[in-house]
Amino acid sequence: MADPKLDSTIPPGLHLISAFLSMEPTETLLSLSRECGGGLVTEGVQRFIWEHCISNEAGEKGFGPYLKNFLKKLISEVESRNGTVLDELYEQCGYYMSSLKDNALVKGSARVCKCISFLFPDACELPSCPKSSNLVVPLHCSLNMLEGDTGCSVWPSSLFLSEFVLSFPDIFSNKSCFEVGSGVGLVGICLSHVKASQVILSDGDLSALSNMKINLELNQLSAETDVLKRFGEDPNTVKADMDNKSSVKCFHLPWESATESELQEHLPDIILGADIIYDPSCLPHLVRVLAILLKQKKASSQTREESCKGQFQEAKHIVVNGASEGKSFLARDLHGSECVTIQNGNGNGNGTDPRRVVELNGGSSVARLKKHPVAYIASVIRNIDTFNCFLKLAEAANLVITDITEALVPLNLLPYMQSYNRSSLRLFTVKCK
């Protein structure tokens with residue numbers, strides 16, 4: 001029997017299952033297995049692994065070579081400490097050894113289904129937190145991150161940007177969001193979860209775009225227009241379900257051939273990008289695309305301002321310095337920049353920019369912040385020369401890059417991913433001067 005303290009719904013059992021579903025490296029699974037057993041992979045832990053990872057639906061759908069490698073190392077771990085290995089694990093490992101060839105482990109074209117579990121902390125009150133406190137995103141993706149299928153792999157920057165979206169849902173809720181280089185679509189799926197008004201996903205690689213659409217379907221989203229016909233369900237039921245989801249669009253967007261008119265059709269509130277600063281030859285095209293999206297035509301902006309009441313957004317994330325009447329409050333705008341001090345109707349309003357304050361009934365003052373397009377870019381800086389090239393091109397295009405990594409720290413929603421090095425990631429905003 002499994003250790004009675006080992007529960008699949010709470011750590012460390014939950015972390016072990018989540019790591020298995022996301023296909024973390026075997027060393028991570030072994031480390032979490034030891035944690036479950038108090039330092040040893042006990043028979044109880046083995047039984048837990050067998051029941052929750054190997055013999056159930058997850059194991060049946062799992063990638064055979066990955067399971068084979070894990071079981072070989074798990075058995076070796078137990079035997080090296082003179083422990084007893086469950087017969088079921090021996091038999092399953094024997095099955096994989098006889099039916100799978102070693103070259104399948106390095107097959108470059110291998111596609112698998114990983115499940116990324118975002119684990120929210122207990123008592124989390126964010127609107128992005130599901131009732132179960134566990135948001136599971138299945139992703140069809142490639143195991144080959146370096147040779148070709150880069151747009152079909154899950155990269156650290158997309159994990160970080162997804163955590164950011166889920167940690168600060170107010171920034172993206174009811175906003176039109178445009179992602180450049182969307183890859184597997186993980187960030188877009190998270191944007192839909194926090195109820196962005198529109199999610200526009202783009203990629204310059206057709207295979208990545210095709211794979212992205214598969215992932216949208218896996219997560220009950222669709223880039224197709226005729227959703228009622230496709231689902232083959234009761235139209236009223238499907239329509240009610242779709243009305244509660246973001247509008248998602250996908251399109252092919254090679255940066256080098258993107259036209260100004262094509263990009264200005266969208267006029268997003270927020271632009272996003274994960275790990276898009278990597279190839280010096282692509283950077284001029286990337287900066288041009290960002291500049292067009294951020295420098296929306298004046299006439300278009302005026303039309304949006306007249307037609308959209310959301311052009312002025314009430315400040316969120318208010319840090320209260322004093323709760324009683326007449327005391328000041330500190331407000332940070334939804335994009336994490338420019339703090340303003342505001343006071344209620346009995347205060348003097350010192351330090352408040354009068355152009356950003358609207359008088360409401362009762363004489364109270366509330367900061368109102370005009371919305372301008374902003375880009376959020378998450379990146380690992382692998383080559384400082386490449387990043388400096390990006391900065392120079394952005395400056396020449398009159399764009400301002402700000403590092404907000406320390407200012408807006410997302411929740412650690414992937415605590416079981418030991419291979420995910422958050423310290424190497426940076427988050428930047430890009431705005432027009």
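Let us take the strands: how many bridges join strand β13 to strand β15, and do they run parallel or antiparallel?

Author: Happy to. Please keep in mind that this is a predicted model. Strand β13, residues 374–380, is joined to strand β15, residues 425–432, by 6 bridges, and the two run antiparallel. One of the pairs to look for is Ser379, whose bridge partner in β15 is Arg426.

Strand β15 also pairs with β14, residues 399–403: here 5 bridges join the two strands, again in an antiparallel run. You can trace this pairing through Leu399, whose bridge partner in β15 is Cys432, and through Asp403, which stands opposite Phe428 in β15. In general, strands of a sheet pair through backbone hydrogen bonds, either parallel or antiparallel.

Now for the wider setting. These strands belong to an open sheet of 7 strands, with mixed pairing and the order β5-β4-β3-β6-β13-β15-β14. At its edges are β5 (247–252) and β14, each of which pairs on one side only. On average, neighbouring strands of this sheet are turned by 20 degrees against each other, direction ignored.

Two helices that pack on the sheet are worth a look. Helix α7 touches β6 (270–274), β13 and β15, and its direction makes about 140 degrees with that of β13. Helix α14, residues 283–294, touches β3 (176–179), β6, β13, β14 and β15, and its direction makes about 100 degrees with that of β14.

Let us stay with α7 for a moment. Of its 12 residues, 11 are buried, so this helix is largely enclosed by the rest of the structure. Among the buried residues are Leu159, Phe160, Leu161, Phe164, Val165 and Leu166, and also Ser158 and Glu163.

Finally, a word on confidence. The protein chain averages a pLDDT of 80, and 74% of the residues score at least 70. Confidence is highest in α7 (residues 156–167), at a mean of 98, and lowest in strand β11 (residues 357–359), at 32. Strand β11 lies in residues 298–370, where pLDDT stays under 50; for that stretch the model has 119 contacts beyond four places in sequence. Residues 224–233 also stay under 50, with 13 such contacts.

Technical notes. Residues numbered from 1 in each chain as written. Predicted model: local features only at pLDDT ≥ 70, side-chain atom pairs only at ≥ 80, totals over all residues. Heavy atoms only, no water. pLDDT = per-residue confidence, 0-100. Helix = DSSP H or I, 4+ residues; strand = E, 2+ residues; numbered from the N terminus. Contact = heavy atoms within 4.5 Å. Pairing = 2+ DSSP bridges. Axes fitted to C-alpha atoms, helices over the stretch in contact; angles between N-to-C directions. Buried < 20%, exposed > 50% of the residue type's maximum accessible area, 1.4 Å probe, protein only.
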